[in-house]
Amino acid sequence: QVQLVESGGGLVQAGGSLRLSCAASGSIDSINAMAWYRQAPGKQRDLIARVTNGGSTAYADSVKGRFTISRDNAKNTVYLQMNSLKPEDTSVYYCYAYNLWNAKLTYWGQGTQVTVSS
């Protein structure tokens, strides 16, 4: 089992920045990639950024150029730096850890609310 604890959400004005953190613990050797998803009320949960153990990253078009995903392997923590925030970025943000070669190994964090006011 892998436990994920997110932090860093909150209320920010449009144009502002926030940094989310996700600390992983437990059987972390079983995972080799981590990601951030978000889900707004009444909408599906969408992948917005992911990073592999090798450092490869990918982003949804909606956040490309504004958000940056990174990881600190020594701290078993992944970050999401969010800049130039827009009201449409308002969502619950979820950390997700998984194994690229074993679909059974997937873990979710509890979510953290990000609210961007106009």
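Contact here means heavy atoms within 4.5 Å. This is a predicted model, where local features need pLDDT of at least 70, side-chain atom pairs count only at pLDDT 80 or more, and totals for chains, interfaces and linings use all residues. Residues are numbered from 1 along each chain as its sequence is written, and side-chain values use heavy atoms, with hydrogens and water left out.

Q: Which residues is Tyr93 in contact with, leaving aside its neighbours within four places in sequence?
A: Tyr93 is in contact with Glu6, Leu20, Trp36, Tyr37, Arg38, Ile48, Phe67, Leu80, Met82, Gly111, Thr112 and Val114.

Q: What makes a set of residues a nonpolar core?
A: The set must hold buried Ala, Val, Leu, Ile, Met, Phe, Trp, Tyr and Cys residues joined through side-chain atoms within 4.5 Å. Buried means under 20% relative accessible area (1.4 Å probe, protein chains only). The largest such core has 27 residues, and Leu4, Met34, Trp36, Leu80, Met82 and Tyr93 have the most contacts inside it. Among the elements that give it two or more residues are β1 (2-7), β3 (18-26) and β8 (77-82); β3 gives the most, with 4 residues.

Q: How do you know that β1 and β3 pair?
A: Strands are DSSP runs (E, at least two residues), numbered from the N terminus. Two of them pair if DSSP finds at least two bridges between them. β1 and β3 have 6 bridges in the antiparallel sense, so they pair by that definition. Within this pair, Gln3 stands opposite Ser25 in β3.

Q: Why are β1 and β7 called edge strands?
A: In the open sheet of 4 strands, the order is β1-β3-β8-β7, with antiparallel pairing. β1 and β7 each pair on one side only, and are its edge strands.

Methods
Buried means under 20% relative accessible area, exposed over 50%, partly exposed in between (1.4 Å probe, protein chains only).
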